[in-house]
Amino acid sequence: MAETLNKTNKPSRAEAEEAVRVLLRWAGDDPDREGLLDTPGRVTRAYEQYFGGYDIDPYAVLNRTFSETEGYDEIVLLRDIRFESCCEHHMAPIIGRAHVAYLPRSRVVGISKLARVVDAYARRLQIQEKMTSQIANTLDEVLQPHGVAVVIEATHQCMTTRGVHKPGTSLVTSRMLGAFRDNPATRRELMAMLQRPGIGAAAEG
Ligand SMILES: [Zn+2]
């Protein structure tokens, strides 16, 4: 994959920690004071979580599918997949929810795999538009369903905590493929499913 850094070019942990020390100095503080001594180590370990998506092959995540579905051919929708990502322009958090749907042709995939594909793309440097497309395209290529829909709504801390400082804004993106793009009835059905209150919320009254 073009985006995956050649492992031989990957800096050492010591180099990464030194880079954090430079940024601490850039911020105006002293990386040698007691409170900051362990910070470079913590930050590099946190980076392994924030950017763990580079080590996950989303296609491999989906490689196990099931064909014994008793002819199930209605929409499969996993709503409200919470994710954390990182904007590639400011390296600021993007926090939001993804809704992932597909219309199976013959194969289905374990539902937790849908969430793992979201995480595989979220835990990288991203822009939301690209992440939306990547998730949809991957599902489309692997499952070859009648249609795929991905809707993402997220807040971008590069917009809420810096720059124009507009808290409360969220960005909504969607990518519709196949029947979700071409068939207005299928698209309407999806939109109705997305707008319905969750079963959990209904049970709570
Ligand atoms: Zn940004």
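Biologist: Which residue of E6 stands opposite His99?

Modeller: This is a predicted model, where local features need pLDDT of at least 70, side-chain atom pairs need 80 or more, and totals for chains, interfaces and linings take in all residues. Residues are numbered from 1 along each chain as its sequence is written. Strand E3 (residues 93–103) pairs with strand E6 (residues 147–156), strands being DSSP E runs of at least two residues and helices H or I runs of at least four, numbered from the N terminus. Opposite His99, E6 places Val151.

Biologist: Over how many bridges do E3 and E6 pair?

Modeller: Two strands pair if DSSP finds at least two bridges between them. The sense here is antiparallel, and Ala98 facing Ile152 in E6 is one of the opposite positions. The count for E3 and E6 is 10 bridges.

Biologist: How many of the 10 residues of E6 are buried?

Modeller: Buried means 20 or more other C-beta atoms within 10 Å of a residue's own, exposed means 12 or fewer, and partly exposed is in between, with C-beta atoms placed from the backbone. On that scale E6 is mostly covered. Of its 10 residues, the buried ones number eight.

Biologist: What is the phi of Gln144, roughly?

Modeller: Gln144 lies in the loop between helix H5 (128–143) and E6. With 15 C-beta neighbours inside 10 Å, this residue counts as partly exposed. It isn't a glycine, yet its phi is positive, at about 45°.

Biologist: How far apart in space are Cys158 and Cys86, C-alpha to C-alpha?

Modeller: Cys158 belongs to helix H6 (residues 157–160) and is partly exposed because it has 18 C-beta neighbours inside 10 Å. Leaving aside residues up to four places away in sequence, Cys158 touches Cys87, His89, His90, Ala92 and Gly163, a contact being C-beta atoms, placed from the backbone, within 7 Å. Cys86 is 72 residues away in sequence, but the distance in space is 9.5 Å.

Biologist: At what angle do H1 and H2 pack?

Modeller: H1 covers residues 13–27 and H2 residues 39–50, with axes 9 Å apart. The contact is made by Arg13, Ala16, Glu17, Val20, Arg21 and Leu24 of H1 against Thr39, Pro40, Gly41, Val43 and Thr44 of H2. Axes are lines fitted to C-alpha atoms over the stretch in contact, and angles run from 0 to 180 degrees between N-to-C directions. The packing angle is about 115°.

Biologist: Which domain does UniProt place at residues 17–194?

Modeller: That span is 42% helix and 26% strand, and its end C-alpha atoms lie 43 Å apart. UniProt annotations may be inferred rather than shown by experiment. The unreviewed UniProt entry names the domain GTP cyclohydrolase I.

Definitions and conventions:
Two residues are in contact if their C-beta atoms, placed from the backbone, lie within 7 Å.
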